[in-house]
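I opened this model to look up a few side chains and the sheet around them. These are my notes in the order I made them.

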Amino acid sequence: MAAPLRDFLRTESGSAGVLLLAIAAALVWSNIDAHSYVTAWHTRFSLRLGDMDVTRDVRTWVNSGLMTLFFFVVGLEARREFDLGDLRERRRVLLPAAAGTLGMIVPIGLYLAITHGGQGSGGWGIAMSTDTALALGLLAVVGRNVPDRVRVFLLTVFVVDDVLALVIVTLVYSDPIHVGPLITALVVVGVIFAVRATGLRLGVVYFGLGVVAWFALLGSGIDPIVLGLVMGLSTTAYTPSRSDLENASGLFRLFREQPTAELARSASVGLTQTLSPNARLQSLYLPWTSYLIVPLFALANAGLVLDASFLRAAATSPITLGILVGYVVGKPIGVVAASWVVERLSARRLRPDVGWAAVAGSGTIAGIGFTVSFVIAARALSGRELDEAKLGVLAAGVVASALTWAVYAVTSRLPAARRAVALLGDADQLVDLQEPVDPDVDHVRGPEDASVTLVEYGDLQCPYCGQAEPVVRALMADVDLRYVWRHLPLTDVHPQAQLAAEASEAAHAQGRFWDMHDLLLTRQDHLKTADLLGYAKDMGLDTDRFLDDVMSHRFADRIARDVAGADCSGVSGTPTFFVNGQRHYGAYDIHSLKAAIKVARQRAKIRAGHGSPDPGADPAAPAQLGADQPVDQPSR
């Protein structure tokens with residue numbers, strides 16, 4: 001399983017291909033048979049309950065109904081960034097907030113300047129919002145080998161962009177507001193929050209209340225897609241605590257001993273409740289929104305007839321040109337200028353988490369709009385003006401992709417040292433490891449002055465730690481790497497883990513920690529006291545002293561210190577790795593960890609301001625931000 005952020009990026013990137021196919025299908029359909037395309041999406045669809053009925057065309061049900069789920073997922077990801085991502089340090093919100101805001105203001109200004117209060121000027125909101133799914137997907141194509149850090153920076157800017165765009169849609173592009181239904185919607189939303197405060201996790205209750213609130217907002221004149229964003233932003237994200245995971249293990253053991261339906265339900269609920277609501281809901285809805293809802297939205301809205309007369313008229317249309325210039329010129333100017341101004345005004349205390357080439361590339365790829373742009377266009381314009389707006393959005397996406405490719409193509413030709421700075425930057429990174437490495441206390445392999453430190457929280461009986469051991473051993477061939485082992489015995493699932501950890505410490509008291517550590521990871525099925533004593537004897541240790549240390553639990557406090565450090569750093573599963581203090585949310589195969597180490601070394605050398613980059617440490621081979629082990633569900 002993948003870490004939530006990595007999963008989000010990968011799903012959005014993969015779904016970009018489906019979205020592009022849907023856009024192409026809409027264009028082909030509308031140009032082959034425009035009448036059937038229009039007729040299909042204007043078909044009326046009604047929901048009736050007694051004397052009450054709601055009738056809308058199919059396109060409206062897609063745009064305001066299904067897209068509510070899409071913006072719910074957007075809200076979930078925004079909240080995840082605030083709770084677990086880079087924005088959890090609140091001062092870091094300022095730069096992406098400024099970049100996202102100015103990246104909307106400048107395109108709006110350019111659009112208004114070109115339309116000059118005339119034809120289509122009311123559609124100024126069309127050119128302001130970036131399409132997250134399409135931008136990330138196309139970045140994977142035109143910006144191959146771009147560090148994942150760039151995608152994370154993009155996502156933090158897009159979070160602000162999406163939130164502001166939805167606020168503008170609600171305040172500016174809604175129908176005349178009817179107070180009665182609006183009050184009803186607000187009351188129902190209040191009930192949802194009240195029910196949530198009670199701790200109830202019954203999904204059908206929230207779904208039912210959400211449907212009522214949605215219909216109330218639809219009747220009030222406010223686009224109900226804002227409901228999705230509000231509910232997503234209010235859904236908390238957190239890592240599961242070790243105590244919750246231990247409780248879930250206990251429930252499963254009870255079921256294993258007595259496999260009854262009641263205990264099965266109890267174990268299932270216990271397992272589910274260890275995960276945050278944000279993680280569970282994003283896992284449920286993200287594939288549906290990415291692979292079905294957004295492509296269906298594209299199919300319903302991207303169709304327009306591309307004949308010669310229309311293209312000639314659109315080439316000089318203020319609407320088309322305003323959107324094109326707003327996205328292609330305004331977005332890069334806004335993102336880069338805001339980042340530069342914040343850095344200068346903060347005396348470089350607040351800097352982009354990436355280099356300036358990556359900031360520029362983020363600005364150009366932000367010129368790809370679609371979802372919110374089409375939502376606003378459908379509300380602000382109609383007829384030929386609407387078609388000209390659609391063409392402007394699609395043309396801007398093509399040009400923005402080409403500009404992004406050019407930015408990263410030029411960057412790739414820079415010398416290695418300059419390329420590293422241009423892509424990675426020199427900003428301080430958030431430190432996830434709360435307990436610094438202490439060579440006098442920690443178990444350390446490798447040179448003390450190494451530029452990269454790899455810390456592993458592990459369990460000597462954990463099979464995943466056993467699988468990771470050969471990888472770590474291969475990594476130690478790197479002469480500029482320091483490796484630190486810290487204990488995290490998961491006694492609820494590995495009953496001999498604590499005993500094995502104490503045995504390794506008893507061996508350490510006689511100068512043989514690493515020998516015992518390496519051996520125990522290969523003998524995980526044989527960790528009873530007699531086995532451990534036999535290993536000590538084979539190593540030539542003083543077995544009486546060894547046995548006394550183990551049986552008296554002499555080193556239990558030493559292990560408890562590591563466990564307390566793991567709790568402070570949010571570690572609840574094994575193995576968990578930290579690379580230069582940053583948690584590695586990713587696979588622990590040799591390629592992923594090497595990539596993370598290379599980027600960490602690049603950053604260390606950039607900060608030190610000396611030496612040339614490691615020849616093998618190309619910043620274009622970044623650490624995986626998540627491939628096997630999720631934030632909210634560490635491997636057990």
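**Ground rules.** I am working on a predicted model, where local features need pLDDT of at least 70, side-chain atom pairs count only at pLDDT 80 or more, and totals for chains, interfaces and linings use all residues. Residues are numbered from 1 along each chain as its sequence is written, and side-chain values use heavy atoms, with hydrogens and water left out.

**The sheet.** I took helices (H or I, at least four residues) and strands (E, at least two) as DSSP runs, numbered from the N terminus. I counted two strands as paired if DSSP finds at least two bridges between them. I found five strands in an open sheet, ordered E3-E5-E4-E6-E7, with mixed pairing. Strand E3 (443-445) and strand E7 (582-583) are the edges, each pairing on one side only. I noted that E4 and E5 pair in the parallel sense over seven bridges. Strand E6 (residues 576-579) pairs with E7 in the antiparallel sense, over two bridges. Val579 has Gln582 of E7 as its bridge partner.

**Strand E4.** I wanted to know how enclosed this strand is. My cut-offs are relative accessible areas: buried is under 20%, exposed is over 50%, and partly exposed is in between (1.4 Å probe, protein chains only). Seven of the seven residues of E4 are buried, so the strand is largely enclosed by the rest of the structure. Val452, Leu454, Glu456 and Gly458 point one way, while Thr453, Val455 and Tyr457 point the other way.

I used contact to mean heavy atoms within 4.5 Å. Axes are lines fitted to C-alpha atoms, for helices over the stretch in contact, and angles run from 0 to 180 degrees between N-to-C directions. Helix H19 (residues 463-475) lies across E3, strand E4 (452-458), E5 and E6, at about 165° to E4. Helix H24 (residues 556-568) lies across E3, E4 and E5, at about 105° to E5.

**Arg482.** I next asked what sits around Arg482, which lies in strand E5 (residues 481-487). Thr453 stands opposite Arg482. The two side chains also make a polar contact at 3.0 Å. A polar contact is a pair of N or O atoms within 3.5 Å; within protein, one must be able to donate a hydrogen and the other to accept it, and residues adjacent in sequence count only if both atoms are side-chain atoms. Arg482 is buried yet has no salt bridge, and the nearest side chain of opposite charge is Glu448, 5.5 Å away. For charge, Lys and Arg count as positive and Asp and Glu as negative; His and the chain ends are not counted. Leaving aside neighbours within four places in sequence, the contacts of Arg482 include Val437, Pro439, Arg445 and Leu454.

**Salt bridges.** My rule was a side-chain nitrogen of Lys or Arg within 4 Å of a carboxyl oxygen of Asp or Glu. The count by this rule is 19 salt bridges.

- Glu435 and Arg561 meet at 3.6 Å, N to O. This pair links distant parts of the chain, 126 residues apart: Glu435 is in the loop between helix H18 (416-424) and E3, and Arg561 is in helix H24. Glu435 is partly exposed at 31%, as is Arg561 at 28%.
- Arg558 and Asp562 form a salt bridge with their closest N and O atoms 2.9 Å apart. They are four residues apart in helix H24, so about one helical turn separates them. Salt bridges that share partners join Glu435, Arg558, Arg561 and Asp562 into one network.
- Arg48 pairs with Asp53, with the closest N and O atoms 3.9 Å apart. Arg48 is exposed at 63% relative accessibility, whereas Asp53 is partly exposed at 38%.

**Two loop residues.** Is Val354 buried or exposed? I found it buried, at 3% relative accessibility. Val354 lies in the loop between helix H14 (318-345) and helix H15 (356-365). Val354 and Gly425 are 71 residues apart in sequence, yet 4.6 Å apart in space, C-alpha to C-alpha.

Gln524 is in the loop between helix H21 (513-522) and helix H22 (529-538). Gln524 counts as buried at 15%. The Gln524 side chain reaches the backbone oxygen of Leu460 at 3.1 Å.
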